Amino acid sequence: MLSDKSKAFIENLRLYLVTSGKKQKEINELIDELKVHLIEAEKQGKSIDEMIDCTPEQYMNSLKMRNGYRL
(Lines give C-alpha, C1' and ligand atoms only; values in the text may rest on other atoms or scores of the structure.)
Protein backbone atom coordinates (compact mmCIF):
# COMPACT_ATOMS: atom_id res chain seq x y z
CA MET A 1 0.00 0.00 0.00
CA LEU A 2 1.31 3.43 -0.91
CA SER A 3 1.42 6.40 1.41
CA ASP A 4 -0.85 9.34 0.68
CA LYS A 5 2.18 11.41 -0.32
CA SER A 6 3.26 8.74 -2.86
CA LYS A 7 -0.27 8.55 -4.25
CA ALA A 8 -0.39 12.33 -4.63
CA PHE A 9 2.96 12.37 -6.43
CA ILE A 10 1.80 9.65 -8.82
CA GLU A 11 -1.38 11.54 -9.64
CA ASN A 12 0.56 14.76 -10.18
CA LEU A 13 3.01 12.89 -12.40
CA ARG A 14 0.13 11.39 -14.40
CA LEU A 15 -1.37 14.85 -14.91
CA TYR A 16 2.02 16.23 -15.95
CA LEU A 17 2.52 13.43 -18.48
CA VAL A 18 -0.97 13.83 -19.93
CA THR A 19 -0.48 17.57 -20.37
CA SER A 20 2.94 16.88 -21.91
CA GLY A 21 1.26 14.88 -24.66
CA LYS A 22 2.42 11.39 -23.67
CA LYS A 23 0.40 8.44 -24.89
CA GLN A 24 -1.75 6.62 -22.34
CA LYS A 25 0.18 3.37 -22.77
CA GLU A 26 3.48 5.13 -22.01
CA ILE A 27 1.98 6.86 -19.00
CA ASN A 28 0.57 3.63 -17.59
CA GLU A 29 3.87 1.79 -18.03
CA LEU A 30 5.83 4.53 -16.30
CA ILE A 31 3.32 4.88 -13.45
CA ASP A 32 3.15 1.11 -12.92
CA GLU A 33 6.94 0.87 -12.72
CA LEU A 34 7.12 3.79 -10.31
CA LYS A 35 4.43 2.26 -8.08
CA VAL A 36 6.42 -0.97 -7.79
CA HIS A 37 9.54 0.94 -6.77
CA LEU A 38 7.67 3.09 -4.27
CA ILE A 39 5.91 0.11 -2.69
CA GLU A 40 9.20 -1.72 -2.25
CA ALA A 41 10.90 1.36 -0.82
CA GLU A 42 8.07 1.99 1.61
CA LYS A 43 8.20 -1.65 2.74
CA GLN A 44 11.85 -1.01 3.61
CA GLY A 45 10.86 2.02 5.66
CA LYS A 46 11.89 4.67 3.14
CA SER A 47 9.71 7.67 2.44
CA ILE A 48 8.99 9.16 -0.96
CA ASP A 49 11.12 12.15 0.10
CA GLU A 50 14.15 9.88 0.25
CA MET A 51 13.50 8.65 -3.28
CA ILE A 52 11.83 11.56 -5.02
CA ASP A 53 12.28 15.02 -3.60
CA CYS A 54 11.20 17.02 -6.63
CA THR A 55 8.32 17.97 -8.88
CA PRO A 56 6.97 15.60 -11.54
CA GLU A 57 8.73 17.68 -14.19
CA GLN A 58 12.06 17.44 -12.36
CA TYR A 59 11.51 13.71 -11.85
CA MET A 60 10.97 13.15 -15.57
CA ASN A 61 14.04 15.24 -16.39
CA SER A 62 16.10 13.11 -14.00
CA LEU A 63 14.84 9.95 -15.74
CA LYS A 64 15.73 11.44 -19.07
CA MET A 65 19.26 12.13 -17.85
CA ARG A 66 19.73 8.70 -16.26
CA ASN A 67 17.96 6.41 -18.68
CA GLY A 68 17.64 8.29 -21.92
CA TYR A 69 13.86 8.44 -21.47
CA ARG A 70 12.42 10.85 -24.00
CA LEU A 71 10.06 13.43 -22.63
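Modeller: Let's start with a term: a salt bridge here is a side-chain nitrogen of Lys or Arg within 4 Å of a carboxyl oxygen of Asp or Glu. This is a predicted model, in which local features need pLDDT of at least 70 and side-chain atom pairs count only at pLDDT 80 or more, while totals for chains, interfaces and linings use all residues. Residues are numbered from 1 along each chain as its sequence is written, and side-chain values use heavy atoms, with hydrogens and water left out.

Colleague: Thanks! How many salt bridges does a search of the whole structure find?

Modeller: The search covers the whole structure. One of the bridges joins Asp49 and Lys5, and another joins Glu26 and Lys22. The total is four.

Colleague: Which helices hold Asp49 and Lys5?

Modeller: Helices are DSSP runs of H or I with at least four residues, strands are runs of E with at least two, and both are numbered from the N terminus. The side chains of Asp49 and Lys5 meet at 2.9 Å, N to O. The pair links distant parts of the chain, 44 residues apart. Asp49 lies in H3 (residues 48-51) and Lys5 in H1 (residues 4-19).

Colleague: Is Lys22 buried or exposed?

Modeller: Buried means under 20% relative accessible area, exposed over 50%, and partly exposed in between (1.4 Å probe, protein chains only). The partner of Lys22 in a 3.8 Å salt bridge is Glu26, which is partly exposed at 29%. Lys22 has a relative accessibility of 17%, so Lys22 counts as buried.

Colleague: What separates Glu29 and Lys25 in helix H2?

Modeller: Their side chains meet in a salt bridge of 4.0 Å, N to O. Glu29 is partly exposed at 47%, and Lys25 is exposed at 61%. Because Glu29 and Lys25 are four residues apart in helix H2 (residues 24-43), the separation is about one helical turn.

Colleague: Nice. Now the rings: why is the pair of Phe9 and Tyr59 classed as it is?

Modeller: Rings of Phe, Tyr and Trp (its six-membered ring) pair if their centres lie within 6.5 Å; planes under 30 degrees apart count as stacked, over 60 as edge-to-face and the rest as tilted. The whole-structure search finds one aromatic pair. The ring centres of Phe9 and Tyr59 are 5.7 Å apart and their planes stand at 90°, so the pair is edge-to-face.

Colleague: And which helix holds Tyr59?

Modeller: Phe9 and Tyr59 are both buried. They link distant parts of the chain, 50 residues apart, with Phe9 in helix H1. Tyr59 sits in helix H4 (residues 56-67).
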